[in-house]
Amino acid sequence: MSNTAGQIIRCKAAVAWEAGKPLVIEEVDVAPPQKDEVRLKILYTSLCHTDVYFWEAKGQTPLFPRIFGHEAGGIVESVGEGVTDLQPGDKVLPVFTGECKQCRHCKSEESNMCDLLRINTERGVMIGDGKTRFSKDGQPIYHFLGTSTFSEYTVLHVGSVAKINQAAPLDKVCVLSCGISTGLGATLNVAKPTKGSTVAIFGLGAVGLAAAEGARIAGASRIIGVDLNSNRFEAARNFGCTEFVNPKDYDKPVQQVLAEMTDGGVDRSVECTGNINAMISAFECVHDGWGVAVLVGVPNRDDAFKTNPVNFLSERTLKGTFFGNYKPRTGLPDVVEKYMNKELEVEKFITHQVPFSEINKAFDLMMKGEGLRCIINMEG
């Protein structure tokens with residue numbers, strides 16, 4: 001065990017004191033891990049749009065002060081009672097969802113939606129005792145997604161910590177703990193395109209580009225990127241996209257455009273926008289008889305999916321996915337191995353890097369829509 005095991009650690013964290021206001025680097029106290037918990041030293045973290053959404057407090061109950069961050073890489077500092085599969089020094093990826101390995105979902109080969117640890121955006125405390133592990137001057141600071149990686153040290157439930165290859169560079173693979181794996185898995189694990197097939201990707205942000213990367217790895221012959229921003233098209237070629245469609249360029253539904261381009265429809269489609277119309281188009285653009293559409297984006301709460309039932313009777317399949325169907329503890333290490341084996345290219349997703357002291361720059365970049373992923377060096 002490390003010499004800080006069992007002790008409170010005082011460290012720097014970027015605290016959001018109120019919605020939409022710049023984060024403040026503060027000295028905070030991080031309590032030791034309790035039963036089934038792990039304390040991590042975060043070395044690199046990244047900014048995901050989910051952090052920004054909840055920082056802005058749009059559409060949900062605001063919870064502040066809070067430490068955001070959920071896409072990161074670090075090492076185990078100490079472990080709590082009952083933790084046997086991790087030890088200090090292990091390289092790990094913290095994950096916003098979890099795998100308890102005991103519930104029906106975890107025991108099923110068909111699901112990764114853990115009953116105990118599935119994503120909960122409202123909870124700001126640890127599930128073990130309902131308390132926070134962060135505080136400043138005795139005031140509790142809330143957690144986010146059970147990860148809170150915008151802190152030099154953080155505490156997670158062991159089920160949300162994936163042990164990875166000790167040789168993996170954390171400044172690269174940290175981006176695999178959320179969006180990139182979500183898009184990649186949506187294609188490889190759910191859509192499952194065959195070699196030589198045709199795939200349409202709706203939305204060419206980081207998740208959509210990861211879905212395109214999955215189609216490239218699978219050997220798809222045509223990968224059609226669909227986006228309302230044509231400026232994204234050139235960069236998307238680096239992720240395997242071979243053709244592009246901007247729905248604004250046509251006076252007919254984009255699903256009809258795609259059907260005409262592909263002799264009746266694409267073999268697979270992956271939707272990564274969260275826009276309900278894009279979801280409907282993604283389903284209706286796949287070929288009858290064998291076409292499969294996969295929904296990744298999160299829609300607005302009141303949206304309704306409307307399509308003619310004949311589209312299902314014509315043997316089109318509609319699927320949804322959560323975190324690319326990867327089980328965090330057992331599946332994520334395999335994604336890291338794809339990178340280590342040079343099968344998956346991660347570097348092209350990383351467009352910016354900033355030191356921890358300038359974390360608000362990462363927010364500015366994302367708010368302006370610049371770049372894909374900004375790596376934040378916690379030791380900078």
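The exercises below, each with a worked solution, concern a predicted model. Residues are numbered from 1 along each chain as its sequence is written, and side-chain values use heavy atoms, with hydrogens and water left out. Because the model is predicted, local features need pLDDT of at least 70 and side-chain atom pairs count only at pLDDT 80 or more, whereas totals for chains, interfaces and linings use all residues.

**Exercise 1. Find which residues line the second largest pocket, and sort the lining by class.**

Step 1. On a 1 Å grid over the protein atoms alone, a pocket is an open set of points with protein on both sides within 12 Å along at least five of seven lines, a cavity is a set of points where a 1.4 Å probe fits but cannot get out, and lining residues have an atom within 4 Å of a point.

Step 2. The second largest pocket has a volume of about 150 Å³, a volume being the space filled by probe spheres set on the points, with grid points joined across faces, edges and corners.

Step 3. Its lining consists of Asp36, Gly82, Val83, Thr84, Asp85, Cys100, Lys101, Gln102, Leu116, His157, Val158 and Arg329.

Step 4. Ala, Val, Leu, Ile, Met, Phe, Trp, Tyr, Cys and Pro count as nonpolar, Asp, Glu, Lys and Arg as charged, and the others, Gly among them, as polar; on this scheme the lining divides into four nonpolar, four polar and four charged residues.

**Exercise 2. Describe the largest cavity by its volume and its lining.**

Step 1. The structure holds one cavity of 30 Å³ or more, and about 160 Å³ of space lies in the largest cavity.

Step 2. The cavity is lined by 17 residues, of which Leu117, Arg123, Leu145, Gly146 and Ser160 lie nearest its centre.

Step 3. Sorted by class, this lining has eight nonpolar, seven polar and two charged residues.

**Exercise 3. Work out why the pair Phe233 and Phe244 counts as stacked, and which parts of the chain the pair ties together.**

Step 1. Rings of Phe, Tyr and Trp (its six-membered ring) pair if their centres lie within 6.5 Å, and planes under 30 degrees apart count as stacked, over 60 as edge-to-face and the rest as tilted; a search of the whole structure finds 13 aromatic pairs.

Step 2. The ring centres of Phe233 and Phe244 are 4.7 Å apart and the planes are at 20 degrees, so the pair is stacked.

Step 3. Because Phe233 lies in helix H6 (residues 233–236) and Phe244 in strand S12 (residues 243–245), the pair ties together parts that are eleven residues apart in sequence; helices (H or I, at least four residues) and strands (E, at least two) are DSSP runs, numbered from the N terminus.

Step 4. Phe233 and Phe244 are both buried, where buried means under 20% relative accessible area, exposed over 50%, and partly exposed in between (1.4 Å probe, protein chains only).

Step 5. Phe323 and Tyr326, by contrast, form an edge-to-face pair, at 6.5 Å centre to centre and 70 degrees between the planes. Phe323 counts as buried because its relative accessibility is 2%, and Tyr326 counts as buried at 8%.

**Exercise 4. Trace the contacts of Lys348 with Glu213 and with the ring of Phe239.**

Step 1. A salt bridge is a side-chain nitrogen of Lys or Arg within 4 Å of a carboxyl oxygen of Asp or Glu, and the structure holds 21 of them.

Step 2. The side chains of Glu213 and Lys348 meet in a salt bridge of 2.8 Å, N to O. This pair links distant parts of the chain, 135 residues apart, with Glu213 in helix H5 (residues 206–218) and Lys348 in the loop between helix H10 (328–340) and strand S16 (350–355).

Step 3. Glu213 counts as buried, because its relative accessibility is 0%, and a network of salt bridges links Glu213, Arg216, Glu345 and Lys348.

Step 4. The charged end of Lys348 also sits over the ring of Phe239, 5.0 Å from its centre, the criterion being NZ of Lys or CZ of Arg within 6 Å of the ring centre and within 35 degrees of the ring normal.
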